[in-house]
Amino acid sequence: MEAADYEVLSVREQLFHERVRECIISALLFATLYILCHITLTHFKKPAEFTTVDDEDATVNKIALELCTFTLAVALGAVLLLPFSIISNEVLLSLPRNYYIQWLNGSLIHGLWNLVFLFSNLSLIFLMPFAYFFTESEGFAGSRKGVLGRVYETVVMLMLLTLLVLGMVWVASAIVDNNKASRESLYDFWEYYLPYLYSCISFLGVLLLLVCTPLGLARMFSVTGKLLVKPRLLEDLEEQLYCSAFEEAALTRRICNPTSCWLPLDMELLHRQVLALQTQRVLLEKRRKASAWQRNLGYPLAMLCLLLLTGLSVLTVAIHILELLIDEAAMPRGMQGTSLGQVSFSKLGSFGAVIQVVLIFYLMVSSVMGFYSSPLFRGLRPRWHDTAMTQIIGNCVCLLVLSSALPVFSRTLGLTHFDLLGDFGRFNWLGNFYIVFLYNATFAGLTTLGLVKTFTAAVRAELIRAFGLDRLPLPVSGFPRASRKT
């Protein structure tokens, strides 16, 4: 063999080893996420559904739980995708020739984006519908009972659902783009149909993030206020503890001796009031035992950090709106190449990249909190060791929709200038200036309005509570008056 042949073989061998190394790294990362998600779902599932007398139902629930674990791992991978890419770019930019990070390259990052896109399609379109129909199926009438009969029924239902969704997407494509070539391209299931369907799902996820994130940003302040100990401002905790104990004793005496009062008593209401007073007394005891540092420094610093992160998010979006009006390059688009480590995607360098990662995680946590705080999805909130299997499936689907839309959401708002890789940058609506501009303006307006409303209401409530005005015998407009007959 000639020298050229040996060189070609060495290049092919090197490429083979690089592909194997990327596969091993991706498998290790996904295995780690899968284990974490499995531990999480194990603590939320209802144990009674997995220890039933009927072994068939228990087996079906175990299979559905594994599918949910896979979906939740993909959702967590989608959340970490953009921050991992930004940090990898800065690491390669800072240490370009380091031997120990040669495994971290553009090919690996691009492969991770493609895997997340593929697994997201697989979970949303096939695995989660299969898990739901599988748990609800009983087998065809007249067929043999067992897990295999449920599998047959689930496959048939999944095929019918696929045909229904395929027809709906084809009709939607005909309405939006009345072009014969665009409709015929949907017959190419892998190259056009799945990306088009995922584009529609991602657009719904981005709209859901637009609604849930401002709500979650406002909710973060109230949740932090409940978890941390507030400072004492012109209030006497000893007096509040004494009043709470006195009221609890009075209600307890009324419950134990209901015949002492000539009016009919609502015992359930009295029990709820006693529980509320006990909870209030526990919180007051916690505040009294807290140290001065925890009371006077922890709460203000936490509130200041939340205010700083929220204000920085709004400022970043406002700057991006100005960039959209001035420069066309500010529009979100896909990255064709996979070269990383060439230039920083932040004007502040590594410090700016860290700020971008923090803002992305902060907005994701806020969106999840806003999602579970909204009246429409409040009933979907998981409970510790008391979450039904269908509810777990619903939570996994919603979290996957939110997390898979996070890279597009972050790039659309201008939180980062890292362009979308793989099929994430093929969404048609990303190139529409009016949609992107209106989305940024709506997010900035809703977040600012929620922030102002939350702070004014919180400051007003704290001042009323600090000066003791909440204990004054003021008339309440919504309190029902007693009738003359009573």
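Arg-378 sits in the loop between helix H10 (350-373) and helix H11 (389-404). Helices here are DSSP runs of H or I with at least four residues, strands are runs of E with at least two, and both are numbered from the N terminus. The model is predicted: local features need pLDDT of at least 70, side-chain atom pairs count only at pLDDT 80 or more, and totals for chains, interfaces and linings use all residues. Residues are numbered from 1 along each chain as its sequence is written, and side-chain values use heavy atoms, without hydrogens and water.

Arg-378 is partly exposed, at 44% relative accessibility. Buried means under 20% relative accessible area, exposed means over 50%, and partly exposed lies in between (1.4 Å probe, protein chains only).

**Salt bridges**

Side chains of opposite charge can pair when their charged atoms come close. A salt bridge puts a side-chain nitrogen of Lys or Arg within 4 Å of a carboxyl oxygen of Asp or Glu. The whole structure holds three.

| Pair | Closest N and O atoms |
|---|---|
| Arg-19 and Glu-22 | 3.9 Å |
| Asp-386 and Lys-46 | 4.0 Å |
| Asp-386 and Arg-383 | 3.5 Å |

Asp-386 pairs with Lys-46. That pair links distant parts of the chain, 340 residues apart: Asp-386 is in the loop between H10 and H11, and Lys-46 is in the loop between H1 and helix H2 (55-94). Asp-386 is partly exposed at 34% relative accessibility. Lys-46 is partly exposed at 26%. Asp-386 also bridges to Arg-383. Shared partners join Lys-46, Arg-383 and Asp-386 into one network. Arg-383 is partly exposed, with a relative accessible area of 41%.

Arg-19 and Glu-22 are three residues apart in helix H1 (residues 3-44), so about one helical turn separates them. Arg-19 is partly exposed at 42% relative accessibility. Glu-22 is buried at 11% relative accessible area.

**The whole protein**

The protein has 13 helices and two strands. Of its 486 residues, 41% are buried. Among contacts (heavy atoms within 4.5 Å) with a separation of 6 or more, 80% join residues 24 or more positions apart. The protein exposes about 28200 Å², with 68% of that from carbon and sulfur atoms. Areas come from the Shrake-Rupley method with a 1.4 Å probe.
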